[in-house]
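Hi,

Here is the structure I said I'd pass along.

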Amino acid sequence: MNKLYWLDQIKLQDRAKVGDKAFYLSKIIQRGYPVMPGFVVSAEILRQFLENLNSSESLVADLPYSSLHLDVTNWRQLQQVASRLRQEILTATVTPEWVSTIFQAAREWQTSCLILRPSLAVSTATPGINNNISGLVESVFCQCEPEAIALALKRTWSQIFRARSLLYWQHSGINLQQINLAVLVQPVENAIASGLLTANSSGWEIEATWGLGIAIALGEVQPDVYYIQPETRVVLEQQLGNKMLAYSVDDAASGTFSQPVPNSVLTPDRNCLITYLLPEAQQKQYSLQEEYLQQIIALGTQLVSELGKTFTIKWTITQQTTSDKLYITQVSPSQSISYSHLIRGLGAAGGRVVATALVIINPQQKPEQLPKGVILVVPTITPDWLPLLQQVGGIITEQGGLTSHAAILARELGITAVVNATSATTLIQTGERLLLDGDRGEVFRIKGDSKEEMDKGREENLLSSHHPNPKAPHPAVTSHLPMIATQLLVNLSQSTLIEQVQNLPVDGVGLLRSELMVLNILNAQHPNSWILSGRQAELLELWSEQIMQFARAFTPRPVFYRSLDWRSQDLPSLSDNLQSSPQSMLGERGTFSYLQNPVVFELELKALVNVQQAGYTNVNLLLPFVRTVEEFVFCRRKVEQAFLTDVVQFQLWMMAEVPSVLFLLPEYVRAGVAGISIGTNDLTQLLLGVDREQGQLAKVFNERHPAVMGAIAQLIQMAKSAGIPCSICGQAPALYPEIIDKLVEWGITSISVEPEAVERTYQAIARAEQRLILAAARRKLH
C-alpha cells in the first residue's frame with residue numbers, strides 16, 4: 001500500500017482514487033468545517049486485491065478485468081453468481097502490510113470502533129451515467145483490531161458483487177474496470193444525537209434521533225423532524241418521532257469497564273456497537289436541545305455558500321470529555337435536477353421512483369389497462385384494482401392509511417406508494433414528471449424535461465429496486481443470519497412472487513390472503529356469478545391450482561390460507577347482485593357471511609381438499625373476522641363434513657381481531673380452535689373506533705396504543721395458558737419494529753410480515769431474543 005489519503009490532504013486529481021463521498025468531505029474539511037476525521041483506502045488497493053485472488057474458479061479468475069456478462073433476467077443464476085463472487089472475496093487473505101498500515105493509522109484516534117464507508121465513483125464516458133450511485137453499497141462497522149479490519153474491508157469490497165449491484169452495472173452498461181471503490185475509514189464515537197439536514201430552495205428539514213445515526217439508516221426509529229425556514233432560520237414546525245431504541249459504542253470492545261447500558265445487546269454484524277431500549281421518559285423527549293438545533297441550522301447556513309441551496313448532510317453530536325461537538329459525517333451536494341415539493345402524505349411502501357403521472361379522478365371508472373411504469377394518482381384503491389397494478393411504477397392515493405388496501409397491495413407488490421395525499425388528483429396533472437418518495441411520504445414535481453433528468457429517473461428506479469422485476473422482493477442471503485427461535489412467516493397473495501419469496505429466511509406463509517389471490521382468476525365477476533352461471537367446476541379447478549402453487553413452493557413449510565373476507569364496498573366493480581347490504585366499516589364480513597350464504601365457503605373447502613388429495617398436507621385454514629363461538633362451530637362442522645380433518649397435519653385456526661375474542665378465547669379453544677393469529681389492523685380499528693381506511697385519522701389509528709398493546713399481550717398469555725400457538729399477521733410489527741421486543745418477551749410463537757419487511761423483522765427478532773438471553777444471564781450472574 002503506497003499511502004492512505006487523509007481527508008484534509010486530498011487533492012482534485014485524487015478524486016477517482018478516493019471516490020465521491022470522500023472527495024466532497026475533503027473539500028469542506030479543508031475549508032474549516034467540522035468534519036469527522038478520516039482517511040481513505042484507495043480504489044487501487046481493491047484492484048490489487050482482486051488481481052491477487054488466484055482463484056481456480058473461471059468466474060473469478062479474470063477479476064477485475066472481467067465484464068461479467070450475465071443474464072440478469074435469470075434471477076436464480078444472478079444470485080448464484082453473486083454469492084460465489086462474494087464468497088471468493090470473503091475467504092481470501094488481505095495483505096497483512098495493508099491491514100497493519102490501516103490499524104496503525106486508526107490507533108491514533110484511540111477509538112474501539114471504526115466505520116468503513118464505501119466511497120464509489122464510476123470512470124466512464126457513457127452518456128447519462130450518474131456517479132451518485134452510493135446507494136448500492138452500505139457502511140460496515142468493526143472493532144479497531146487487525147483481524148476485524150481485514151474482514152470489514154472484504155465485506156465492504158464484496159458489495160459491488162451483490163446481485164443488486166451486478167444488475168445495476170449491466171443495466172447501465174458499466175464494466176467492472178470502470179468501477180472505483182475506495183473505503184473511507186472513520187472513528188465511531190458515542191453520540192448524544194445524530195441525524196440529517198436536507199436543504200432545498202423551498203425549505204429545510206432536520207431529522208434527529210438519540211445516539212448514533214444507524215437507527216435512522218436502518219429504519220428502526222421514526223426520527224424527530226424539524227421544518228426550518230432557511231432565510232430566517234425560524235423553526236416552522238417540529239414533530240416528535242418514535243424512538244424506542246438507540247445505538248452506542250460497546251465500551252467492552254476497548255477493554256474498558258464502564259457501567260453496562262441497561263437492556264442492551266451487541267448487534268449482529270456490527271459487533272463494536274450495542275443497541276439499547278431508551279427509558280420511556282427519554283422516548284417522549286426531543287433528541288435535540290435548542291442549543292444543538294441552532295448549531296445545526298447555523299452550520300447549514302454556512303454550507304449554502306459552499307454547496308448551493310440544495311444539499312444533504314449527515315451529522316452527529318459526540319460526547320467529549322470537556323464539551324460536546326457537532327461533526328459532519330457525510331455530505332451530498334446538489335444535483336443538477338430541480339425538484340419542487342408538491343404534496344406530503346403517508347409513506348405506505350418504501351422506495352423512490354421517478355415517472356410520469358396518470359391521474360384518474362373517478363376510481364369507479366377503472367381503465368382496462370394502465371401504461372407500464374406510470375405513477376398512478378387516484379382518490380382511493382379497492383382490492384379489485386389489483387390486476388391493474390402489476391405494471392405501475394408508483395401509487396398516490398388521496399385517501400387511506402398505512403393499513404389501507406392501497407398500502408397493503410403496494411407493500412406486497414413492491415410498488416412505491418404514498419397514501420392520504422390530500423388533493424393529489426387536483427394538484428397533479430396527467431403527464432407531469434414526479435419523484436415519489438415512499439419512505440418520507442412525499443411527492444415532488446420535477447422541473448424541466450432534459451435527457452439528464454430522464455437518465456436520473458432511470459437511475460432512481462434502478463436503485464430503489466432489488467431485482468430485475470421491481471415488484472418482487474429481494475431474496476436475502478441467509479448464511480450470515482443469526483439463528484432465531486421465534487418463527488418468521490410471510491404474508492402473500494400473489495403467485496407471481498412465489499419464486500422470489502420462497503428463498504427468503506421464512507418458516508412458511510403465515511397469511512395467504514384469499515380475497516386478493518382469487519382476483520387474478522375471477523375476471524371481475526363475483527364467485528356467486530360463476531356458480532349461478534354453471535361454471536362452478538371451472539372455478540373450483542382454478543381456485544385449487546392457485547392454492548396448490550403456494551403449497552407446492554413452500555412444502556413442507558406450513559401455509560395458512562385465510563378464507564374470504566370481503567366487505568361489500570371492497571369490490572365495487574364485481575358483478576354481484578346477490579348482496580345488497582349497506583356499505584359500512586364492517587359489512588357482512590368474515591364467517592358471518594358464510595352463515596348467510598355458505599356456497600362460496602364450501603367451494604373454498606373443496607379447493608383445499610383438492611390440494612390435500614394432490615399430496616400437499618401443509619395447508620391449514622385460518623377463519624377471518626370471527627364474531628361468535630357459534631360462527632366458529634358452524635365453520636368447523638363444514639370443515640369436518642369436507643373431510644379436511646382426516647389429514648392429521650391439518651389445523652383449523654382463527655383470526656383474533658374482533659375484541660370479543662379477549663373474553664371468549666377459552667370457549668373457542670374448547671370448540672376446537674387449534675391456534676390464533678392476531679390481526680392488528682382490525683383489532684386496532686375496533687378497539688379505538690377508527691376506520692383504518694381513513695388516512696386523516698392516522699394519528700389516532702395507532703397499533704402502539706396502550707389498549708392495543710394490552711390486548712395483544714393478553715391474547716398471547718391466554719393462548720399460552722390454553723396450550724395453543726399464537727401468531728401475529730397484521731401490519732404492526734412491520735411498521736413499528738420496536739413492537740417486536742415486546743412480542744418476543746411476551747412469548748409470541750410466530751410473526752408474519754410482508755415480503756419487503758422480512759429481513760429487517762428477522763434482525764429485530766434476533767436482537768429481541770438476544771436481549772432476553774442477556775437479561776437472563778445478568779440475573780443469573782447477580
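**Cysteines and a helix pair**

Cys-113 and Cys-272 are both buried. Keep in mind that this is a predicted model. In it, these two cysteines form a disulfide, with 2.0 Å between their sulfur atoms. A search through the whole structure turns up 1 disulfide. The pair ties together distant parts of the chain: Cys-113 sits in strand β3 (residues 113-122) and Cys-272 in strand β12 (residues 270-277), 159 residues apart.

I also checked a couple of other cysteines. Cys-635 has 0% relative accessibility, so it counts as buried. Cys-726 has a relative accessible area of 2%, so this residue is buried as well; the cut-off for buried is under 20%.

Now for the helices. How do α23 and α24 cross? The axes of α23 (residues 680-688) and α24 (residues 706-722) come within 10 Å, and the crossing angle is roughly 125°. That angle is why α23 counts as oblique to α24. The crossing of these two helices is right-handed.

As for who touches whom, α23 contributes Thr-680, Leu-683, Thr-684, Leu-687 and Leu-688, and these meet Ala-707, Val-708, Ala-711, Ile-712 and Leu-715 of α24. By type, the residues in this contact split into 8 nonpolar and 2 polar, with no charged ones.

Let me know what you make of it.

Cheers

Methods. Residues are numbered from 1 along each chain as its sequence is written. This is a predicted model: local features need pLDDT of at least 70, side-chain atom pairs count only at pLDDT 80 or more; totals for chains, interfaces and linings use all residues. Side-chain values use heavy atoms; hydrogens and water are left out. Axes are lines fitted to C-alpha atoms, for helices over the stretch in contact, and angles run from 0 to 180 degrees between N-to-C directions. Helices (H or I, at least four residues) and strands (E, at least two) are DSSP runs, numbered from the N terminus. Angles under 35 degrees count as roughly parallel, over 145 as roughly antiparallel, 65 to 115 as roughly perpendicular and the rest as oblique. A crossing is left-handed if the near helix is turned anticlockwise from the far one by less than a right angle, and right-handed if clockwise. Contact means heavy atoms within 4.5 Å. Ala, Val, Leu, Ile, Met, Phe, Trp, Tyr, Cys and Pro count as nonpolar, Asp, Glu, Lys and Arg as charged, and the others, Gly among them, as polar. A disulfide is a pair of cysteine sulfur atoms within 2.5 Å. Buried means under 20% relative accessible area, exposed over 50%, partly exposed in between (1.4 Å probe, protein chains only).
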